[in-house]
Amino acid sequence: MKPIDIFKALSNETRLNILEWLKEPEKHFKNKQAHLPKEVSSRGGVCVGDIQEKAQLSQSTVSSYLSMMQKAGLLESIRHGQWTYYRRNEETLQELSSFLRKKL
């Protein structure tokens, strides 16, 4: 975990919102087709297109945001067919929480 990369990724309101939305995807993404089927991955995920629609930003902007968050370790992605689904990387979020408690 590189805290500076995480803090950079979190320094944008939309990226913070995405992380919040992915915490409770069933609450924030009502369209059942937005969700990765549980038989593919029990940990789930939300389709990029549905994240883009909720964020009301261009596909390229949302893809850039998701990529930045994934590189920082905040998100994981899984491909299913032609779609990519994203979910939170809870392990990194726990490490960040521990870092904040101990260092700051």
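**Notebook: salt bridges, sheet and last helix**

I began with glutamate 90, whose side chain forms a salt bridge with arginine 88, the closest N and O atoms being 2.7 Å apart. I counted as a salt bridge a side-chain nitrogen of Lys or Arg within 4 Å of a carboxyl oxygen of Asp or Glu. Because this is a predicted model, local features need pLDDT of at least 70 and side-chain atom pairs count only at pLDDT 80 or more, while totals for chains, interfaces and linings use all residues. I note also that residues are numbered from 1 along each chain as its sequence is written, and that side-chain values use heavy atoms, with hydrogens and water left out.

I then looked up how covered the two partners are, taking buried as under 20% relative accessible area, exposed as over 50% and partly exposed as in between (1.4 Å probe, protein chains only). Arginine 88 is buried, with a relative accessible area of 14%, whereas glutamate 90 is partly exposed at 38%.

The structure holds four salt bridges, and I followed two others besides the one I began with. Arginine 87 joins glutamate 76, with the closest N and O atoms 3.0 Å apart. Arginine 87 lies in strand S3 and glutamate 76 in strand S2, so this pair ties together parts that are eleven residues apart in sequence. Arginine 87 counts as buried, with a relative accessibility of 14%.

Between S2 and S3 (residues 83-88) I find six bridges in the antiparallel sense. The bridge partner of glutamate 76 in S3 is arginine 87, the residue whose side chain also forms the salt bridge with glutamate 76. Further along, arginine 79 stands opposite threonine 84 in S3. The hairpin of S2 and S3 has two residues between the strands, and glycine 81 takes a positive phi near 65° there.

I also looked at helix H6 (residues 90-103), whose 14 residues reach 20 Å from first C-alpha to last, close to the 20 Å expected at 1.5 Å a residue (1.5 Å times one less than the number of residues). Its buried residues are Thr92, Leu93, Leu96 and Ser98, and what covers them includes helix H1 (3-9), helix H2 (13-23) and S3.

Last, I noted the whole chain, which has six helices and three strands (DSSP runs numbered from the N terminus: helices H or I of at least four residues, strands E of at least two). Along the sequence, the protein follows the pattern α-α-α-β-α-α-β-β-α. Of its 104 residues, 41% count as buried. Among contacts (heavy atoms within 4.5 Å) with a separation of 6 or more, residues 24 or more positions apart account for 53%.

Conventions:
Pairing = 2+ DSSP bridges.
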